[in-house]
Amino acid sequence: RHDEFSRRCAEEGHEITGGAELGHSRTARSVRAAADGSPVVTDGPYTELVEQLGGYYVVRTADLDGLTRLVTLLVSTGTAEIRPLASDEVSQEQPAGAQTGAVS
C-alpha cells in the first residue's frame, strides 16, 4: 500500500518530502511531568492501542482534496490523520497555494 501511495502521490503532483515508519509501540517510552516538574517515565505506550501511530509522511501539495482521496490507500482499518505543519519556516518556502502537512 505504501508503494502504491508513493507512486500515486508522484503521479498526481503531491510531493513526499519526508516521513518514517516508527518502531513497535513496545519500544516506546512515555514521559509526562510530575507536579514538581520532574519527568515521570513509563516504558511502553501511554495511549490506547487504537491511538498508536505507526508512521507518518510529510507531503507538500496544492490539492488537499486529491491527497485526502489518496490517503484511503493507506487505511484498511483504523484512521489516518492529515494536519498542516506548525512551522512558519516551512510555509514561507512553499509556492503559492501549496500546503505542507503530515499524514499519519
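Strand β2, residues 29–33, pairs with β3 in the antiparallel sense over five bridges, and two strands are said to pair if DSSP finds at least two bridges between them. Together β2 and β3 make a hairpin with five residues between them, and G37, in the turn, has a positive phi of about 90°.

Before I go on, a word on the source. This is a predicted model, in which local features need pLDDT of at least 70 and side-chain atom pairs count only at pLDDT 80 or more, while totals for chains, interfaces and linings use all residues. Residues are numbered from 1 along each chain as its sequence is written, and side-chain values use heavy atoms, with hydrogens and water left out.

Now the overall picture. The protein has three helices and six strands, and along the sequence they follow the pattern α-β-β-β-β-α-β-α-β. Of the contacts with a separation of 6 or more, 62% are between residues 24 or more positions apart, contact meaning heavy atoms within 4.5 Å. Buried residues make up 19% of the 104 residues; here buried means under 20% relative accessible area, exposed means over 50%, and partly exposed lies in between, with a 1.4 Å probe and protein chains only.

What does the largest nonpolar core consist of? It has seven residues, namely F5, C9, Y57, V59, L67, L70 and V71, a nonpolar core being a set of buried Ala, Val, Leu, Ile, Met, Phe, Trp, Tyr and Cys residues joined through side-chain atoms within 4.5 Å. Helix α1 (2–11), strand β4 and helix α2 (64–71) each supply at least two residues of this core, and α2 gives the most, with three. If we leave aside neighbours within four places in sequence, L70 is in contact with F5, R8, C9, E12 and H14.

R8 brings me to the charged side chains. The structure holds six salt bridges, each defined as a side-chain nitrogen of Lys or Arg within 4 Å of a carboxyl oxygen of Asp or Glu. E4 forms one with R8, the closest N and O atoms being 3.8 Å apart, and because these two residues are four apart in helix α1, they are separated by about one helical turn. E4 is partly exposed at 30% relative accessible area, and R8 is partly exposed at 26%. R7 and E11 also meet in a salt bridge, at 2.4 Å from N to O, and both lie in α1, four residues apart. R7 counts as partly exposed at 39%, whereas E11 is exposed at 54%. E12 and R8 meet in a further salt bridge, at 3.1 Å from N to O, with E12 partly exposed at 38%. Salt bridges that share partners join E4, R7, R8, E11 and E12 into one network.

Finally, the surface. L22, L53 and Y56 form a nonpolar patch with about 250 Å² of accessible area together. For such a patch, residues need over 30% relative accessible area and no salt bridge, and nonpolar side chains (Val, Leu, Ile, Met, Phe, Trp, Tyr) are joined within 5 Å, while like charges are joined within 9 Å. L53 is found in the loop between β3 (39–43) and β4 (55–61), and is partly exposed, at 44%.

How values were computed:
Areas by Shrake-Rupley, 256 points an atom, 1.4 Å probe, with all protein chains shown as cover.
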